[in-house]
Amino acid sequence: MPSPRWTVFSRILAATLGGYALATSSALFIGQLLFSSAGKYQAIHIGLLLSFLVYACAAMWVFSVSNATKAWIDLIKWNLVFLLGTWSVSYTHLRAHETDS
């Protein structure tokens, strides 16, 4: 059984580093998602503003789950979901621009 200090330290790292990675990947995803409906710069700003909310929620959520391992696994899982979603949306936008030309 790990020491309580290590579990708290692991949660702090998950909230800090994992929350930052989640906020970054969600900002990329939201920016790509809104790219066609809003302008380029508006999509970037909306994604960045919403990433602060994602970061705050992720940091609070890390301390509310039952254990630190579940927090790490879920943060990694959501990062992969956002990154794959970003890749998928950007690939779709790229393919749409290729067919227009």
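What share of the contacts in this protein with a separation of 6 or more comes from residues 24 or more positions apart? It's 76%, where a contact means heavy atoms within 4.5 Å.

Okay, some ground rules. This is a predicted model, so local features need a pLDDT of at least 70 and side-chain atom pairs count only at 80 or more, while totals for chains, interfaces and linings use all residues. Residues are numbered from 1 along each chain as its sequence is written, and side-chain values use heavy atoms, with hydrogens and water left out.

So, the overall picture. We've got 3 helices and 0 strands, and along the sequence that reads α-α-α. The radius of gyration is 17 Å, well over the 13 Å that the globule rule gives for 101 residues, so the protein is more spread out than a compact globule. That radius is taken over C-alpha atoms, and the rule is 2.2 Å times the number of residues to the power 0.38. The C-alpha trace spans about 60 × 20 × 15 Å along its principal axes. By the way, helices here are DSSP runs (H or I, at least four residues), strands are E runs of at least two, and numbering goes from the N terminus.

Now the helices. Helix 1 has 30 residues, which at 1.5 Å a residue should span 44 Å; its end C-alpha atoms are 41 Å apart, which agrees. The expected span is 1.5 Å times one less than the number of residues. Helix 1 also has a kink of about 25 degrees, centred on glycine 18. That bend is the angle between axes fitted to the seven residues ending there and the seven starting there.

Helix 2 has 23 residues and should span 33 Å, and with its end C-alpha atoms 32 Å apart, that agrees too. Buried in helix 2 are Ala43, Gly47, Ser51, Ala58 and Val62. Buried means under 20% relative accessible area, exposed means over 50%, and partly exposed is in between (1.4 Å probe, protein chains only). Methionine 60 is in helix 2 as well, but methionine 60 is exposed, at 55%.

What about the inside? The largest nonpolar core has 11 residues, including Leu22, Phe29, Val65 and Phe82. A nonpolar core is a set of buried Ala, Val, Leu, Ile, Met, Phe, Trp, Tyr and Cys residues joined through side-chain atoms within 4.5 Å. Val65 touches Arg11 and Ala71, leaving aside residues up to four places away in sequence.
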